Protein chains: 2
Amino acid sequence: MQSVRTDYDLYMPRVSQQQLDARRQEILAGARACFARYGYEGATVRRLEEETGLSRGAIFHHFRDKDSLFLAVAEDDTATMVATVARHGLVQVMRDLLDRAHSVEVPGWLGTQLEVARRLRTDPDFARRWAARSAAIATATRERLGRQRQAGVLRADVDVDTLAQFLELAYDGLVLRLATGQPADGLGPVLDLVEASGPS
Amino acid sequence: MQSVRTDYDLYMPRVSQQQLDARRQEILAGARACFARYGYEGATVRRLEEETGLSRGAIFHHFRDKDSLFLAVAEDDTATMVATVARHGLVQVMRDLLDRAHSVEVPGWLGTQLEVARRLRTDPDFARRWAARSAAIATATRERLGRQRQAGVLRADVDVDTLAQFLELAYDGLVLRLATGQPADGLGPVLDLVEASGPS
């Protein structure tokens, strides 16, 4: 059945959902690079325009404000992380980060997350939106460990929550280290040790 | 033998080294509380005056500028940490942090360290001064592990540097977690696991 064509359609450019999604992805990619390069504070609207190649009107048609844009980039990470955690575990997420530690973008982007760390303690609304992100990864980590325990391939002397928190502590440590530009050389064997100490 | 009294002494108030040191400690304690409460950026000169109960003249007689004051508080931590690491290891430093995680001061002070994290990547002079701090702790950690290896009480299948970096990763993870105000409940058993995985 054909959809009814209204007068509204005659006056509005017809933009498909696909085009909207593509535009949204373009903005996210540009924003991520911009945040990574200039930091959260330094990523001004002008710089966001330059990096995305779009006007502020176009950018803030898709995202309410800079916070929303920042959190949307973080949500993008979360989706990727949750998928990797579910299939290969949190240590694999760390290995992937380590592989990209020599680019500018990964440490820079992580750096912005530290930059807003203070707001996590002082801005309850921002903290709540950020917490949703952490919760998704925490759940995926615990579900995977639960499956491993059921399959009998997880060490039995430590409970799942302690193992999950152990992995999260190592992940947070890696984030801090990369974000502050400390050398990441020699961390491969450290992640092996983390993996060997935790699951199995 | 009596020291020679010069004309200089006649005109200057006589302040003993002990008094100078005591004044310096007072400033450091006030500055630490001020940074913890307001963050690095928020710790204005006026607030530093309020918190220390001293004039800006008195404060900056002892410390060149706010950066120097901040780094001096960090150096104070370093001295304490190095002593604890040498005697009891880095895991004990983590346990001590955890014990004080419910106060305002520890998470707040760690938060300021994240706040300046961006400067570690963008300000080489500041990074160099900060690096001296990390190096002292890194050395103490490796020296203790080296002594444990010599005494035959350290697992022999992982080299000292990997074990040290493993402990440092957990420490950095704890710092990030406390600094962002995430709950620290249940971390006791996680630190037990860190300790058991490393220098057992």
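This is a predicted model: local features need pLDDT of at least 70, side-chain atom pairs count only at pLDDT 80 or more; totals for chains, interfaces and linings use all residues.
**Chain A as a whole**

- Taken along the principal axes, the C-alpha atoms of chain A fill a box of roughly 70 × 45 × 30 Å.
- Of the 200 residues in chain A, 47% are buried, where buried means under 20% relative accessible area, exposed means over 50%, and partly exposed lies in between (1.4 Å probe, protein chains only).
- When contacts in chain A between residues at least 6 apart in sequence are considered, 67% of them join residues at least 24 apart, a contact being heavy atoms within 4.5 Å.

**Where chain A touches chain B**

- The contact takes 41 residues from chain A and 41 residues from chain B.
- The area buried between chain A and chain B is about 3100 Å², of which carbon and sulfur atoms give 65%; buried area is the accessible area (1.4 Å probe) that two parts lose on being put together, summed over both.
- R121(A), L169(A) and L193(A) supply 22% of the area that chain A buries against chain B, which is more than any other three residues supply.
- Between chain A and chain B there are zero salt bridges, a salt bridge being a side-chain nitrogen of Lys or Arg within 4 Å of a carboxyl oxygen of Asp or Glu.
- Seven residue pairs, both residues at pLDDT 80 or more, are in polar contact between chain A and chain B; a polar contact is a pair of N or O atoms within 3.5 Å, and within protein one must be able to donate a hydrogen and the other to accept it, while residues adjacent in sequence count only if both atoms are side-chain atoms.
- On the side of chain A that touches chain B, the elements giving two or more residues are α2 (17-42), α7 (105-115), α8 (117-122), α10 (160-179) and α11 (187-197) of chain A, and the largest share, 14 residues, comes from α10(A).
- The residues on that side of chain A divide into 21 nonpolar, eleven polar and nine charged, with Ala, Val, Leu, Ile, Met, Phe, Trp, Tyr, Cys and Pro counted as nonpolar, Asp, Glu, Lys and Arg as charged, and the others, Gly among them, as polar.

**The nonpolar core**

- The largest nonpolar core has 74 residues, and those with the most contacts inside it are L90(A) and L90(B); such a core is a set of buried Ala, Val, Leu, Ile, Met, Phe, Trp, Tyr and Cys residues joined through side-chain atoms within 4.5 Å.
- Leaving aside residues up to four places away in sequence, L90(B) touches M81(B), V85(B), I137(B), T141(B), L167(B), E168(B) and Y171(B).

**Salt bridges within the chains**

- Over all chains, the count comes to 27 salt bridges.
- R32(B) and D76(B) meet through their side chains in a salt bridge (4.0 Å, N to O), and because R32(B) lies in helix α2 (residues 17-42) and D76(B) in helix α5 (residues 66-88) of chain B, the pair ties together parts that are 44 residues apart in sequence.
- Within this pair, R32(B) is buried at a relative accessible area of 18%, whereas D76(B) is partly exposed at 30%.
- E51(B) forms a salt bridge with R37(B), their closest N and O atoms being 3.8 Å apart; E51(B) lies in helix α3 (residues 45-52) and R37(B) in helix α2 of chain B, so the pair ties together parts 14 residues apart in sequence.
- E51(B) is partly exposed, with a relative accessible area of 26%, while R37(B) counts as exposed at 51% relative accessibility.
- The side chains of E195(B) and R95(B) meet in a salt bridge of 2.7 Å, N to O, which links helix α11 (residues 187-197) with helix α6 (residues 90-99) of chain B across 100 residues.

**Around D161(A)**

- D161(A) has its place in helix α10 of chain A and is partly exposed, with a relative accessible area of 35%.
- A polar contact of 2.9 Å joins the side chains of D161(A) and R142(A).

Key. Residues are numbered from 1 along each chain as its sequence is written. Chains are lettered from A and ligands numbered from 1 in the order in which they are written. Side-chain values use heavy atoms; hydrogens and water are left out. Helices (H or I, at least four residues) and strands (E, at least two) are DSSP runs, numbered from the N terminus.
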